[in-house]
Amino acid sequence: FFLIAGNSYLEAVGPAGSVPRELWALRPDRMRIVPGTQGIPEIYRYTVNGKAIDYFVDSFDGRAQILHLKTFHPLDDWYGMSTLEAAAFSIDQHNDAAKWNASLLQTSGRPSGALIYKPAHADAADTLTEEQRRALKDELERYFSGPGNAGHPLVLEGGLDWKEMALSPKDMDWLAGKDVSAREIALAFHVPPQLVGISGSLTFANFEQARLAFYDDAVLPLLGHVKDELNNWLTPQF
């Protein structure tokens with residue numbers, strides 16, 4: 001939750017007046033903070049199926065049954081900023097590249113073209129009627145679109161000519177763009193791109209150095225932050 005939402009909430013559970021026996025992770029999307037007047041929350045309100053549970057905060061020392069772990073947010077005093085929000089454009093580009101590839105595979109991996117109408121007789125109309133255009137489009141989609149119809153011959157008549165609208169290999173190089181987006185997403189989480197299998201990522205001399213950087217820059221700082229927050233919150237209760 002901390003990495004996905006930028007916020008993580010732990011509830012201390014145990015007998016009343018005793019030390020906590022368990023820690024329960026609560027979903028950030030169900031938690032709402034009621035701001036206090038002294039710069040600390042007044043209430044943590046957790047809502048499930050329309051029922052709200054209020055966890056009150058001591059206005060003197062800020063202690064509560066809830067521990068709120070959050071990232072830095074430059075525009076919000078109460079909630080952290082999600083790493084996914086910071087990398088939102090790259091994530092959208094990565095998803096769109098996957099959708100584009102799936103759409104390309106569903107059309108048998110071939111670029112579309114254009115049917116050009118050339119009247120067979122001089123006295124024929126220069127354009128197709130709306131009914132002819134709709135019937136031709138329906139026939140193409142029914143018999144010649146999709147991977148199951150790949151390779152089927154296209155029979156043209158009545159002055160119709162097929163014009164291939166080819167894409168160059170450079171135009172179809174969606175994989176490079178997808179790798180760039182994946183690299184930016186990985187870097188937002190401080191993960192060396194080599195560790196997620198992005199080819200051509202030679203920032204580090206070898207895989208072992210990339211793993212070392214991953215622990216130094218991502219894993220250990222995160223664990224240190226969580227450890228410090230737990231010590232500050234739990235140790236006085238014991």
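Guide: Buried means under 20% relative accessible area, exposed means over 50%, and partly exposed covers what lies in between (1.4 Å probe, protein chains only). This is a predicted model, in which local features need pLDDT of at least 70, side-chain atom pairs count only at pLDDT 80 or more, and totals for chains, interfaces and linings use all residues. Residues are numbered from 1 along each chain as its sequence is written, and side-chain values use heavy atoms, with hydrogens and water left out.

Visitor: Why is Tyr9 called buried?

Guide: The relative accessible area of Tyr9 is 1%. That value falls under 20%, so Tyr9 is buried.

Visitor: What makes the pair of Tyr9 and Tyr44 edge-to-face?

Guide: Rings of Phe, Tyr and Trp (its six-membered ring) pair if their centres lie within 6.5 Å; planes under 30 degrees apart are stacked, over 60 edge-to-face, and the rest tilted. The ring centres of Tyr9 and Tyr44 are 6.2 Å apart and the planes stand at 70 degrees, so this pair is edge-to-face. Tyr9 is in strand E1 (residues 7–13) and Tyr44 in strand E4, 35 residues apart; strands (E, at least two residues) and helices (H or I, at least four) are DSSP runs, numbered from the N terminus. Phe214 and Tyr215 also form an edge-to-face pair, with 5.7 Å between centres and 70 degrees between planes.

Visitor: Which residues make up the largest nonpolar core?

Guide: A nonpolar core joins buried Ala, Val, Leu, Ile, Met, Phe, Trp, Tyr and Cys residues through side-chain atoms within 4.5 Å. The largest has 11 residues, including Tyr9, Leu26, Met31, Tyr44 and Trp78. Strands E3 (31–35) and E4 (41–48) are the elements that give two or more residues to this core.

Visitor: Why is Asp29 called exposed?

Guide: Asp29 has a relative accessible area of 57%. That is over 50%, so Asp29 is exposed.

Visitor: How do you know that Arg27 is partly exposed?

Guide: Arg27 has 34% relative accessibility. This lies between the limits of 20% and 50%, so Arg27 counts as partly exposed.
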